[in-house]
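Here is a short briefing to keep beside you as you look at the chain.

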Amino acid sequence: MRIKLASWYGDKAPGEEIDVDEVTAKALRRDGLVAEPAEETTQEEQAPSKTAEDPAQPEPETGRKKR
């Protein structure tokens, strides 16, 4: 699997594409080091990343009146 890096990983600069295995790719995605997959991803791989994003939540009430 090829990925494009979002930040430094070892001696690899941001923007470089590297070959990694599934486990390493998952860990790098979790840590926010993947800018984008260099290959087409399957629906299974896209589903966890989309569920991790929270939809915009309204701001909680602070108890103060707005002027």
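The accessible surface of the protein chain comes to about 6,000 Å², and 49% of that area belongs to carbon and sulfur atoms. Please keep in mind that this is a predicted model. Of the 67 residues in the chain, 13% count as buried.

**Overall layout**
- The protein chain holds two helices and three strands.
- Starting at the N terminus, these elements follow the order β-β-α-β-α.
- Looking at contacts between residues at least 6 apart in sequence, you will find that 44% join residues at least 24 apart.

**The sheet**
- The three strands make an open, antiparallel sheet, arranged as β2-β1-β3.
- Its edges are β2 (17-19) and β3 (34-37), each of which pairs on one side only.
- On average, and with direction ignored, neighbouring strands in this sheet are turned by 35 degrees against each other.
- Strand β1 (residues 2-5) runs antiparallel to β2 and is joined to β2 by three bridges.
- For a handy landmark, find Arg2, which stands opposite Asp19 in β2.

- Average pLDDT for the protein chain is 76, with 61% of the residues scoring at least 70.
- Confidence is highest in β2, at 93, and lowest in helix α2 (residues 43-52), where the mean is 51.
- A friendly caution goes with such scores: where pLDDT is low, the predicted coordinates should not be read in detail.

Conventions:
Residues are numbered from 1 along each chain as its sequence is written. This is a predicted model: local features need pLDDT of at least 70, side-chain atom pairs count only at pLDDT 80 or more; totals for chains, interfaces and linings use all residues. Side-chain values use heavy atoms; hydrogens and water are left out. Two strands pair if DSSP finds at least two bridges between them. Helices (H or I, at least four residues) and strands (E, at least two) are DSSP runs, numbered from the N terminus. Axes are lines fitted to C-alpha atoms, for helices over the stretch in contact, and angles run from 0 to 180 degrees between N-to-C directions. pLDDT is the predictor's confidence in each residue, from 0 to 100. Buried means under 20% relative accessible area, exposed over 50%, partly exposed in between (1.4 Å probe, protein chains only). Contact means heavy atoms within 4.5 Å. Accessible areas come from the Shrake-Rupley method with a 1.4 Å probe; for residues, only the protein chains shown count as cover.
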